[in-house]
Amino acid sequence: MLLGRERGAAELAGLRVGDRVLVTDRLVARGVPPFEFAVGGFPILDDGAALPGLDASLAPRTAAGASADGRTLYLLAVDGRSAASTGMGVGEVAALLASLGASEAVNLDGGGSTTLVTAGRGAPRRCATPPRTAPNARSPTGSACSCVSRRGTTPTTSASAAAR
């Protein structure tokens, strides 16, 4: 069944039963400036308060937040499939980011792809990633969030971990 609106309805009116058609689609943004970036995730913290209805199931999580003044970025990776950690619920992640100083935050991809790598210029690299032991485990994580200083300075990194 084909349903057309506006111009599409006029095009469909000219068809007869049995006519062959080629259907294509595309998204068109109207009145919106071009994207500079896009993030796969959803908001979990607004003005320092966790949003209602957040998932409480324990799992590995990845999240990013920002301070109210926009000068501090918070990146969080939580292990959740090991003897040391059972993970966190999304509401817990929002509360943790708020306690660290984030005003706004989004939950990003989680599960087996949760990975955090930090390195300062000339410093050794530190990596936190859950073991890929699930039957459906594939290759290493294929997407990334990268924070690079434009001023040529090394960002300050603070890492802490808590086991459940």
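## The sheet

Let's start with an open sheet of five strands, ordered 2-1-5-3-4 with antiparallel pairing; strands here are DSSP E runs of at least two residues, numbered from the N terminus, and two strands pair if DSSP finds at least two bridges between them. The edge strands, each pairing on one side only, are strand 2 (49–50) and strand 4.

Inside the sheet, strand 3 (residues 61–66) and strand 5 (residues 104–107) run antiparallel and are joined by four bridges. Here G65 stands opposite A105 in strand 5.

## About the model

This is a predicted model, in which local features need pLDDT of at least 70 and side-chain atom pairs pLDDT 80 or more, while totals for chains, interfaces and linings use all residues. Residues are numbered from 1 along each chain as its sequence is written, and side-chain values use heavy atoms, leaving out hydrogens and water.

## Helix and core

The protein has two helices and seven strands, helices being DSSP runs of H or I with at least four residues. Helix 2 lies across strands 1, 2, 3, 4 and 5, at about 45 degrees to strand 1 (axes are lines fitted to C-alpha atoms, for helices over the stretch in contact, with angles from 0 to 180 degrees between N-to-C directions).

The largest nonpolar core has 13 residues, and I44, L45, V93 and L97 have the most contacts inside it. Such a core is a set of buried (under 20% relative accessible area, 1.4 Å probe, protein chains only) Ala, Val, Leu, Ile, Met, Phe, Trp, Tyr and Cys residues joined through side-chain atoms within 4.5 Å. Helix 2 supplies its largest share, four residues. Leaving aside residues up to four places away in sequence, L97 touches several residues, including I44, Y74 and A105, where contact means heavy atoms within 4.5 Å.

Methods. Buried means under 20% relative accessible area, exposed over 50%, partly exposed in between (1.4 Å probe, protein chains only).
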